[in-house]
Every structure is written in C-alpha cells, then in structure tokens.
Amino acid sequence: MNRYHSPSLWMEDSVSEVIVRRTARKVAALIVGGAAAFGLGPAGVTAFAGATLPASLPAVTDYQYLSASLTPPSEANCFSAGRRCFTPTSMQNSYNLPPLYAAGNEGQGMTIAIIDSFGNPNMASDLANFNTQMGQPHMCGEPGVTCAPGMPAFQHVFWAGVTQVKSPPSGSNGTGQQTRNIWALETSLDVEWAHTIAPRANILLVTTNPAETLGVQGFPAMMDAEQFVVDHHEATVISQSFGAAEESFGSTQSLLNLRHAYISAASGGVTALASSGDSGTANILKEPVKNPQTIPFPTVEWPASDPLVTGTGGTYLCTNPTTGTGVDSTDPPVNCQNHPGVREVGWIGSGGGFSHVFARPSYQGTLPAGSTPIGAMRGVPDVGYQASSRTGVLVYDTAPGFAQNGLRCPNGNPCSAGWYVVGGTSSSCPQWAGLVAIADQIAGHGLGLINPALYALASGPNYGTYFYDVTTGNNQADPTVPGYPATTGWDPVTGLGTPNAATLLPALAGH
C-alpha cells in the first residue's frame, strides 16, 4: 500500500519514512456498464494523469519485535515497550464475542479468503504454535493435526507460484520494493487474527507472487485471484489488508479496470473488506521511488474507498489488555493514559476522508445523529476496530527472512523470528472478516455487500447497542495535511464506530 511504515514506537505518529512500490500492467477493460449498473460509473470521477498502476503495500505498520520464545511475551514485556498487547481472550471480550460463542456461533461452515502478496511459507506451523500458546482451536492443515469432522480447515494457495521470503542484503541500496519479510508478518497477522475472531471458520490464504521489478503484477494479480475466489464460490468473505491512494493510480480508468471482482462479489453474496490505510489523510504518490512525494491534500485509499467494499478504520483500544473488560487508563500507552475513562480513541494513522473517484453511495445518505456530514463523495471508512500497535495484537511469525539478533533489519523491515506486537488497519480488516463470517453463519449464507445494512442499523434507534461510538482522536498524521476529528456517529476516522458483536452480528444477519 502507498503508506508509511513505522516499525518503532516513536515512528507511529510520523510520516517521515515511506516505502513505495509500483506496478504497470494493463488489465482487461472493465465494462463500464457493469459499474453503472451499481450506480458506480464514471459520474463523480476525477481524472488522473498517466496510465500506470501503483503497487499495493501491506497495511501492517508499527510492529515491535518482542520475543524469540515459543511462548508469547507477558504483558509486563509489552508495558516495558510502552505498549499493551492483546491476546485472543482479551480481544474477544473487548468486542463482546463470548455470548455468540456460547450460542454456538463461531463461523462454522463459512470460509474467509485472505489475499496477500508473497505470504509466509511457514504459515501453517506458525498458526499451529499460535493456537497452542493462545488456547485457540487447531485447524485441519496445520502440521501434526489429525483432521476430524467439523474441524475448520486452513489452506494456503500460491497464486502463480511460490516465492522465497528474504530480506535485502546488508548495505543494500534498493528501493524497498521487495519487502517480502513484511508481507510474511502481514500474512501471519491476517491468518492468526481472522481465526481468532471466527475460530471455526475455514481460512483460504491466497498469496500472489509479483515479479522482481513489480512491473507487471501487484494489484492486477490480486484482483484476478479474488475473481477466481468469487467465480468458484471459494469463500463468503474476502479480507484485503492492502491498498493505495486513489491519486497514485495513473488514471481513473486504470483504477476502475480493477473493480471487476467487487462487482462479481456484490452480486454473488461475497463480502469484500479492506483496510482504510495507515497514513491518516496523508498518502503518497509512487514517484519518485526513492523519495516519494506526499499528496499535499487529504486523500483516501482504494480499495477501501470503493462503494462495493467495506472500509475498516482503526482505534487505540483502551480496554484491559488481560481481561478485555472495563477501561484501563493507567497502563501504557500514553494515548490511553491521556484520555481517562475513554474506551477507544481514534487512531492517528487511521485512513479516512472522502473519495475523489466515487460519488456518495445511497447507503451513506442517512447517518446517525451528530455524524460528520458526507457530501457528494463517498466517505471512508465504514467501520472501525483496534489498529494501533501501541494497543496491538500478538502475532507469531518465523519467516521474516534471514533471522538476525535485532529488532529489525537495517531497512526497517522485520528480520527476527518470534513474537511481535503489530498494528495497522491490517489488524482491523481480518478481524472484521471474522465477524462477517459469524454473521454469515448465523444467516446461513453469504451476506454480500453489508454496507447498506450497517448504515441502516446505525441510523436506527439502536445505534448505541450495535456500535461503540468513538468520539475522540484525529487522523492528521502529517502536520502539513489536514486531518479529521472523530465525532459522534459516523466520522472519517472510525466510520460508524467499533462493533458490539453480540448485538450487531445477529442484527446484521437478519437484516
């Protein structure tokens, strides 16, 4: 994704380090009439110069390496790094999932497709250790696991071949375009935490393999993989922890040409979700590669900006990191300490704002009382969830490349095997995918585009029972680019808010 990476704690609130990748392959033209049939045609589209595509970068940001042990680090270890770390139990409790689990609603029978580049070749074994250490159900497909009837399955499909995960050589003067080790961490985050939220849903991991120069693949390969998933009914939910600024596409048409999978998904009962971005309102162009330029005005990222996609924004989660209950304003990080009594704070890196490509969809015509107004263009994101690694999730990853004795490689990418605390809206996206899988299971079928139902439920009399409203925080990550405040109701930081799963998911399933 065209976003900055902030591997250390102090980097979270900065956009001073940006890694850019690009692609430039033409794809088959989308029949414009297909987009228009959904009310999403060229109307309201801003034309961009050129004809090339940006590269998709992973949404994982601001990770911290904590331990090489098989066992996860303690909360004290996290506090010593100025962070709080969430386990499956504390995260499930934070968003009120246990009543659903107690009623037998764990996503069984549904499949979540996770799309990433490169992937983690050790994903099955890393997932096995994560599940063992965290007390999560094991999955058919993990090494040493005997498959049994009713057991959820994990499958890793390498789209267009297997790739070796490695970090650049020491002293490399490259552009950072082959950050395969950060994609390995992204993959671990996506798989482990989608499984955490929907522990009995199947997971189909599809990883693409862009060319060495990233000149021919990237976005097109990912969209082709998603088209296959939709066409062959392989999943009811697609999780996408990647994206790029709308302005980084060479032309409006080059972006629209990539939408084919979402049009098929919306008509085929498949829900597509995407991370809203980790640079707040400050995104970048893809040129020059060595020193990419920040777009000097607020922008949003695609595919989260697509009206056929549910965009997921982010928060600092200030619940108790051990139990997931109550509000903890005492322990680190400072973002929780500075807001006493506040459950969640809008994350400064949460991508959000207003599209320059897509007109406001009809489902955003009615918002909860007190919301930030949405004008003529699509508002982003739709919903929120925990995202900052200062209040991050624990992730196990043994495929960061050539393991070294250090927190990260010289170029800022992870290169130590073990446990990380990880943030980014790539944390919110797979967990929301798990939520949708549970709603699908309750409904007995894929729900497809859920945005109309989300906005209808939020605009009704029970908004406060379905969502935790996030009303503090701002996503001005760059002081030179204006941001937006979190407000009552919908806002361009956390969308409609974060989910009260026990009440929202049954209502979503029945809407």
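Accessible areas here come from the Shrake-Rupley method with a 1.4 Å probe, and for residues only the protein chains shown count as cover. On that basis, the accessible surface of the chain comes to about 15,800 Å², of which 56% belongs to carbon and sulfur atoms. The structure is a predicted model, in which local features need pLDDT of at least 70 and side-chain atom pairs count only at pLDDT 80 or more, while totals for chains, interfaces and linings use all residues. Residues are numbered from 1 along each chain as its sequence is written, and side-chain values use heavy atoms, with hydrogens and water left out.

The chain has 511 residues, of which 62% count as buried (under 20% relative accessible area, with exposed over 50% and partly exposed in between; 1.4 Å probe, protein chains only). Its secondary structure comprises 14 helices and 23 strands, taken as DSSP runs numbered from the N terminus (helices H or I, at least four residues; strands E, at least two). Of the contacts (heavy atoms within 4.5 Å) with a separation of 6 or more, 82% are accounted for by residues 24 or more positions apart.

Beyond its neighbours within four places in sequence, Tyr-396 is in contact with residues including Ser-69, Asp-126, Phe-130, Glu-192 and Trp-419. Gly-418 is also one of its contacts; Tyr-396 and Gly-418 are 22 residues apart in sequence and 5.6 Å apart in space, C-alpha to C-alpha.

We turn next to helix 14. The axes of helix 11 (residues 425-443) and helix 14 (residues 501-510) come within 8 Å and cross at roughly 55 degrees; axes are lines fitted to C-alpha atoms, for helices over the stretch in contact, and angles run from 0 to 180 degrees between N-to-C directions. Helix 11 and helix 14 are therefore oblique to each other (angles under 35 degrees count as roughly parallel, over 145 as roughly antiparallel, 65 to 115 as roughly perpendicular and the rest as oblique).
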